[in-house]
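Please keep the sequence and the 3D view open while reading.

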Amino acid sequence: MKLPAGHKPIGLKWVYKLKRNADGEVVKLKARLVAKGYVQKQGIDFEEVFAPVARLDTIRLILALAANRGWQVHHLDVKSSFLNGELVEDVYVSQPQGYVKKGKEQMVLKLSKSLYGLKQAPRAWNVKLDKSLKNLGFKKCATEPAVYTRGVGRTAVILGVYVDDLIVTGGDPSEIATFKRQMTSQFEMSDLGLLSFYLGIEVEQKEDCITVKQTSYAKTVLSQFGMADCNPTKIPMNPGVKMHDDKQRVKTDPTEYMRVIGCLRYLLHTRPDMAFSVGMASRFMEKPTVLHIGAVKQILRYLQGTLNYGLVYTKEEKEEKLVGFSDSDQAGDLDHRRNGILSK
């Protein structure tokens, strides 16, 4: 069709990607047609863009609950999920490379469904999935919009959503099998079986426990920052060390410092033993010095010696309780003399 007045066509491009497993082995070759969404204008090409995803601490809570009750956790993946989202705006795209019709190069295509790269694509997919799950009898959690539940007691099914990755658990295997059949009838799905690898987190399920760790990701971090062959240490930070704004020492590249801190913070999802030291180092990302770089390198050396550390959620017969605590270091901040609070 011809491009209507007042609209600008959105370009398309082919994106090729390798999908790897936890061991880094290639399991799939993917080719995806992606829209150049950066040319879109709010109010013309899109309205709402926000779409909720499950937080990783929520994922850990689901795993802990499943381990405590002896449930298995299954992993489902929606193929080309964004292509299922229904658009409410008028969006026009140019003809994709390799499929341009001769003599009609100026013609455009009008999208009826979402496409990867569009700003409203995540929102459109989430609206579609939310509607489908509610039609299947699921209820959305009031405090966590990416968690859905259906049934009570042994027939209960708990679902966690992270874009197109779904983790599902429950006490009755037949209920989970029913849910899989229902989803397969509505979307093109991949049943990945028991959860083993999720967002860079390696999951091992046993009869009496569930273990989560990030060994592969930790090795990647060490290699990325040139610490793959460093000597390990037994502690992430020396006792009694007080980090502060060291204005007398040589400044370092803050961009590189932020990169390593960002990688370390992602590791904290399964490594609470590093939380305090990484939290302290995170305070000085604006103007890091060699003092702060030295502290970060010690954390990386500690990581080298504890690559296989992680979290173990066990099955217990005790009543489920949520316990929290905080620890004040009594004005240990040398720069502002404020109490540093570490909470879990």
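Buried means under 20% relative accessible area, exposed means over 50%, and partly exposed lies in between (1.4 Å probe, protein chains only). The model is predicted: local features need pLDDT of at least 70, side-chain atom pairs count only at pLDDT 80 or more, and totals for chains, interfaces and linings use all residues. Residues are numbered from 1 along each chain as its sequence is written, and side-chain values use heavy atoms, with hydrogens and water left out.

**Helix α2**

Helices (H or I, at least four residues) and strands (E, at least two) are DSSP runs, numbered from the N terminus. Helix α2 spans residues 121-135, 15 residues in total. From first to last C-alpha it reaches 21 Å, close to the 21 Å expected at 1.5 Å a residue. That expected span is 1.5 Å times one less than the number of residues. Its buried residues include Trp 125, Leu 129 and Leu 133. Just after α2, Gly 137 takes a positive phi of about 95 degrees.

Ala 124 is also buried in α2. Its C-alpha is separated by 8.7 Å from that of Val 88, 36 residues apart along the chain. Val 88 sits in strand β4 (residues 86-94) and is exposed, at 75% relative accessible area.

**Salt bridges**

A salt bridge is a side-chain nitrogen of Lys or Arg within 4 Å of a carboxyl oxygen of Asp or Glu. The whole structure holds 11.

| Pair | Closest N and O atoms |
|---|---|
| Asp 130 and Lys 134 | 3.3 Å |
| Arg 259 and Glu 256 | 2.7 Å |
| Asp 273 and Arg 271 | 3.0 Å |

Asp 130 and Lys 134 are four residues apart in helix α2, so about one helical turn separates them. Asp 130 is buried at 13%, while Lys 134 is partly exposed at 45%. Arg 259 and Glu 256 both lie in helix α5, three residues apart, about one turn. Arg 259 is partly exposed at 37%, and Glu 256 is partly exposed at 34%. Arg 271 is buried at 2%, whereas Asp 273 is partly exposed at 33%. Elsewhere, salt bridges that share partners join Arg 55, Asp 57 and Glu 144 into one network.

**A loop contact**

Asn 238 lies in the loop between α4 (215-224) and α5 (254-267). It is partly exposed, at 39% relative accessibility. Its C-alpha is separated by 8.9 Å from that of Ala 295, 57 residues apart along the chain.
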